[in-house]
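Colleague: I would like to learn how to read a structure like this one, feature by feature. Could we go through it together?

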Amino acid sequence: MTTKIKTRFAPSPTGHLHIGGARTAIYCWAFAKANDGEFLLRIEDTDQKRSSDQATTGFFNDLKWLNILWDEGPEFEGTGGGDKGPYYQSQRLDIYKEQLQRLFDAGMAYYAFETAEELGEERKKARAEKRAYRYNRASLELSPETVQRYLDEGKPHVIRFKVPDGGPLTVTDCVVGDVTVERSEVDDFVIFKGDGFPTYHFAVIVDDALMNVTHIIRGQEHLNNTFKHILLQEALGFERPIFAHISLIFNPDGSKMSKRDKDKALRKYVRDNNIESPPETCISSDAWANWQSSKDNQLDTDDATKLALALGIELPEINVDDFKQAGYMPEVLLNYLCLLGWSPGNDVEQFDADFLVETFSLERIVKSPAKFDRAKLLAFNLDALQKLSSEEFEARLLAWCQEYAPEFSELDKFSLFASANHERSKTFKDATITSSFLIEDDEAVTWPESKPVKKALLKGEVSGLSRMPAIITAFKELEVWNAETIDGCLHALADEIADGNLGKVAQPVRIAVAGGPVSPPIGDTLVLLGKESTITRLKRCENYFSKYYEL
RNA sequence: GGUCCCAUCGUCUAGUCAGGUCAGGACACCAGGUUUUCAUCCUGGGAACAGGGGUUCGAAUCCCCUUGGGAUCACCA
């Protein structure tokens, strides 16, 4: 009997799930499902300083939103569970210590007492001499008595892995192929940190082995680490899993798409505009000072969002949650993400999760890195949105509005709002942007003196503005206020005062009520607004622009 | 800098492993058309095998070099 295939996604819960991580999770999930295997989720929270429960819950939510559910792992809203837990590395310390003891017993682990500063010096020196830094094994020379004395004294220490002698190391990667490295390139890396927790390298191979993971699909930044991992696996007598290293995702400018991009965007803006203190009631001055003191100190997500809002700049979307907020559909993001580094062939590009599971294979993963193209994602979202039935669109738009734009979800005529916006929306958010005039007070509408506005209202032998009184009168007389009667009224007006040219009457009306040249079809727009608001806005607009008449 | 990885239209990619149709599709772009705005939608168009050597009757495809890009070199994962 062949062993069941098991993949895992093992994020470190710092910040949010970003696009690159999401793609890795999707590939892991798809590969497991495509091969009748299992997908495991494990939380790598051995870095106590940076991990948080809040971030962990965020990861669960993001994964769940994408409908990437784990067969095994932390329990969350009905998914997860399993008998190989706990699935949080911070709760597995005893297990790691047990495995560590086996390494000590085999003489393959040793204590090291150098301080971070000392090591830093060594590294600098290595760099200056244009060679790679390797730990010099100084602590390995210490006598057992000295080591014991240091330990008794409570001297800070780490535990290192003693890399065994031998020839070159080769790993066969499913995506990259054979990769060989000289063993001398691997130094005695740290496996237990000064805080008593294992490092990533140690924890990951122990967990993968004990949880029976068969395939490790992860980002290519781990390719070099793989040699450390296979050495550790051999030392502990674990079976070597199958590796697949997938390429990275880049920004359109070629830089690595990373969680730091938001921070970078903010810093650049602040620097370029010589902003020296945070805008009023935005973030605390402590947070600002700490942020400005070093570029290693990132602003936390909430503060970053607030600051961006206060400065009026758009932060790049890089987290799954950013795209959710921006009004993309999860199945579209999943589809598009898959295409960044994998394709099913046969010119197929748009597909659903079922198709993915039917066709996914490691062989078709592309080796080269991909740039993230928002325009294509947007086009995909548009296509998917247009394929939705009107009922479905309405339901999903409502759910989105309830979370991100409650003023729209409370609209009396939500149904009409949805149908009026369906065909012109590329995202759920689009609907709220093109219809933002709906939630404005009649008295708050303003008109930019832009080209399209002037063209519709002021240009021509007979200007749009001059037709306004007739339009207002006609509307006042309309007894039944619905799309048909309004359209009928406008058509009649067009015939009477604009040589049958509907645009000449509809466009001025649109601008008057919406404050700009864009809105849903005019009939729907006016029904949504109601007769009273419509007439109030038409009058205000006429009044506002009448100054041009006098010129 | 050491080590490792990568290289087809502007972008994502098919084609590469088993050399042999004007290098295919999508997004973007450009030009027309439909449309009461916007967004759609329809038609058409330009657009690539990084460079140089080999191997071969024949190379995007196999080999080598150059160039370019990237990852990594932590008591972060």
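Colleague: Where is Gly219 found?

Modeller: Keep in mind that this is a predicted model. Gly219 lies in strand S10.

Colleague: Is Gly219 buried or exposed?

Modeller: Burial is read from relative accessible area, and under 20% counts as buried. Gly219 has 10%, so it is buried. Beyond four places in sequence, Gly219 touches His245 and Ile246.

Colleague: Which residues does His215 contact, leaving aside its neighbours within four places in sequence?

Modeller: His215 also has its place in strand S10. Its contacts are Ile5, Lys6, Thr7, Arg8, Phe31, Ile242 and Leu362. Phe31 is 184 residues away from His215 along the chain, yet the C-alpha atoms are separated by 9.1 Å. His215 is buried because its relative accessible area is 9%.

Colleague: With which side chain does the side chain of His215 make a polar contact?

Modeller: The partner is the side chain of Thr214, at 2.8 Å.

Colleague: What about loops? Where is Leu66, for instance?

Modeller: Leu66 is in the loop between helix H2 (53-65) and strand S3 (73-76). Apart from residues within four places in sequence, Leu66 is in contact with Ala22, Val320, Pro330, Leu333 and Leu334. The C-alpha atoms of Leu66 and Ala353 are separated by 9.9 Å, although 287 residues apart along the chain.

Colleague: Which loop holds Ser425?

Modeller: Ser425 is in the loop between helix H17 (414-422) and helix H18 (428-434). With 0% relative accessibility, Ser425 counts as buried. The side chain of Ser425 reaches the backbone oxygen of Asn421 at 2.7 Å. Outside the four places on either side in sequence, Ser425 is in contact with Leu382, Leu385, Gln386, Phe393, Asp430 and Ala431.

Colleague: Why does Tyr88 count as partly exposed?

Modeller: Tyr88 has 21% relative accessibility, so it is partly exposed. Tyr88 is in the loop between strand S4 (79-81) and helix H3 (93-105). Not counting residues up to four places away in sequence, Tyr88 touches Ile43, Asp45, Thr56, Phe60 and Pro74. Tyr88 and Leu41 are 47 residues apart in sequence, with 9.4 Å from C-alpha to C-alpha.

Colleague: What should I look for in the backbone angles?

Modeller: Most residues other than glycine have a negative phi. Asp36 is not a glycine, but its phi is positive, at about 60 degrees. Asn212 is another case, with a positive phi near 60 degrees.

Colleague: Where do Asp36 and Asn212 sit?

Modeller: Asp36 is in the loop between helix H1 (19-34) and strand S2 (38-41). Asn212 is in the loop between helix H6 (200-210) and strand S10 (215-219). Asp36 has 63% relative accessibility and so counts as exposed. Asn212, at 42%, counts as partly exposed.

Colleague: Now the whole chain. How many helices and strands are there in chain A?

Modeller: Chain A has 24 helices and 13 strands.

Colleague: What radius of gyration does chain A have, and what would a compact globule of 551 residues have?

Modeller: Comparing the two values is the way to read it. Chain A has 31 Å, whereas a compact globule of 551 residues would be near 24 Å. Along the principal axes, the C-alpha atoms fill a box of roughly 105 × 60 × 40 Å.

Colleague: What share of the residues of chain A count as buried?

Modeller: The share is 48% of the 551 residues. Chain A exposes about 27,300 Å², and carbon and sulfur atoms supply 48% of that area.

Colleague: What share of the contacts in chain A with a separation of 6 or more comes from residues 24 or more positions apart?

Modeller: Such pairs account for 73% of those contacts.

Colleague: How many positive and negative side chains does chain A have?

Modeller: There are 65 positive and 88 negative side chains in chain A. The centres of the two sets lie 6 Å apart.

Notes
Residues numbered from 1 in each chain as written. Chains lettered and ligands numbered in written order. Predicted model: local features only at pLDDT ≥ 70, side-chain atom pairs only at ≥ 80, totals over all residues. Heavy atoms only, no water. Helix = DSSP H or I, 4+ residues; strand = E, 2+ residues; numbered from the N terminus. Buried < 20%, exposed > 50% of the residue type's maximum accessible area, 1.4 Å probe, protein only. Polar contact = N/O pair within 3.5 Å; in protein donor to acceptor, adjacent residues only side chain to side chain. Contact = heavy atoms within 4.5 Å. Rg over C-alpha atoms; globule rule 2.2 N^0.38 Å. Areas by Shrake-Rupley, 256 points an atom, 1.4 Å probe, with all protein chains shown as cover. Lys, Arg positive; Asp, Glu negative; His and termini not counted. Charge placed at Lys NZ, Arg CZ, Asp CG, Glu CD.
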